[in-house]
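Reader: I'd like to learn how to read a model like this one, step by step. Could we look at it together?

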Amino acid sequence: MFSLLLVFVSVGLLTWVFTADGNAWKHGRNQRGRASIPGPRGLPVFGSLLSLSCGLAHRTLASMASTLGATQLMAFSLGSTPVVVSSDPHIAREILTSPHSLTVRLNNLQKCSCSAGLLRTIASSHLFAPKRIAAHESGRQLDCATMLQGIMNEQSKNGAVLLRMHLQAASLNNIMGSVFGKRYNVARESHEFNFSDYLPSLSYFYDPFCINQRCAALVPRVRSLVRGIIEEHQICESDKVSDNADFVDVLLSLDGEVKLQEDDMIAVLWEMIFRGTDTTALLTEWVMTELAMNPDIQAKLQQELDKLVGDKGVTDADMVNLPYLQSVIKDTLRIHPPGPLLSWARLSTSDVQLSNNMLIPAHTTAMVNMWAITYDPMVWEDPLVFKPERFMEKVGGENVDVRGNDLRQAPFGAGSRVCPGKNLGMVTVSLWVANLVQHFYWVPNPEKPVDFSEVLKLSCEIKNPLSVVAVHRNVLPL
Ligand code: HEM
């Protein structure tokens, strides 16, 4: 019995010792191409799971890849799951835009029986069509005005502002308005329902090992909430859907091949709320953190707004004339991407041959470490420095497209699963940052110094919410 156990343990140990990338890569799975995929050995059974579950996964993976000379592609095991990650813009492009071999594993909240292609068509032609985004401007302006007033009140009451709760309230209301056509008073909502029960990230939840379990518990509640809202819309359904219709009305109006079943409609609607709320608020908070800590850049932005917008309210139409504002947001996305690891749930359905002679075997989870790319000194000069000028052509920078066409900076992903809300997200963040900077000077709160530490929840956010002093500029009345 003892010798049997000894043989078993020895075989296990030998397998581990000779399997470079961990258990999930045994039998030479990493050597199927002309070049093999390097990677850490990891622990028996766990692979690299433990090293990635403590600390920030994007930073840990970047440092592992750099140590092992595996930035193009690194193979590792998460338990028995084989994973590859790329920290290189060229290989990243091949992974994200691979036409037929990569798909997405859906979690419990996102179960949707319709094809990814159909969802893409519905998103680009109907939900996020430019005319619809434009028609929702009045909602963005309304939520922004409420946010500015709330900031003003908190500043006079407390002498400083915790920006995150204002941004989260505005963002949630804005997405609810676009998706359900309803705005809520978040502060008084407790009688009806508690938003943080439905959007776990709003209650600062971080529980990576229970995400699916928590999502599964949410499903029936989310279904009944969204079904109720759909029924309300069905009662007052009209024949013609206007440009500023909410997403429920738009989906209900679809016919023929693009018509969705009710369960699919619920999945799509909730996915928009789930993905759109947090990212918009967090990105704005990161922008404002950088501006508070870089008074010269903040002053330059205020000059641009004063010169090109003057003492009228900013509108979406002004955005094309505000290149510095766009560059501030782009460099924030570079230095603090809300989704630092792209496509963590993308699975290869067949072998993917890469141009560097490596081969990603079928059934491998393939992801891109966007954070590693945007911090790579070979890709970006002075990557640690917040420098919006790098995107300004007028001063020798490069106007890089951040919407998925240039993998040196693709904070919304790229390829078939690129973020469908990217234009809405950019328009909203631009409008809100412009308003925040037009109305106030932002000064760090000496009692709560700014701390750039990150925490990776559903998105990567600033660990200690930003507390700032908002000094009213009197350029415009509130
Ligand atoms: C404002 C900042 C935003 C950022 C930085 C952002 C970023 C991202 C990223 C990185 C992904 C994953 C791409 C991948 O894995 O390859 C994603 C997916 C997604 N985003 Fe956004 N997003 C933002 C706003 C929004 C908004 C406003 C909405 C909707 C109202 C939205 C809806 C979605 C959806 C539905 C997906 C899943 C797409 C799929 O799986 O096919 N996002 N987003």
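Author: Two residues are in contact if their C-beta atoms, placed from the backbone, lie within 7 Å. Leaving aside neighbours within four places in sequence, Val287 is in contact with Val328, Ile329, Thr332, Val429 and Val433. This is a predicted model, in which local features need pLDDT of at least 70 and side-chain atom pairs count only at pLDDT 80 or more, while totals for chains, interfaces and linings use all residues. Residues are numbered from 1 along each chain as its sequence is written.

Reader: What is the largest nonpolar core, and which residues have the most contacts inside it?

Author: A residue is buried if 20 or more other C-beta atoms lie within 10 Å of its own, exposed if 12 or fewer, and partly exposed in between. A nonpolar core is a set of buried Ala, Val, Leu, Ile, Met, Phe, Trp, Tyr and Cys residues joined through C-beta atoms within 7 Å. Here the largest one has 107 residues, and Met74, Val84, Leu269, Val287 and Val433 have the most contacts inside it. Helix α12 (residues 262-293) gives the most to this core, 17 residues.

Reader: How many helices and strands are there in the protein?

Author: Helices (H or I, at least four residues) and strands (E, at least two) are DSSP runs, numbered from the N terminus. The protein has 16 helices and 13 strands.

Reader: Which residue does UniProt list for "binding site", and is it buried or exposed?

Author: UniProt positions are given in the numbering used here, with feature names shortened, and annotations may be inferred rather than shown by experiment. The unreviewed UniProt entry lists Cys419. Cys419 is found in the loop between α15 (370-374) and α16 (422-439). It counts as buried because it has 23 C-beta neighbours inside 10 Å. Apart from neighbours within four places in sequence, Cys419 is in contact with Phe412 and Gly413.

Reader: And which helix supplies the largest share of the shell around the ligand?

Author: That is α12, with seven residues.
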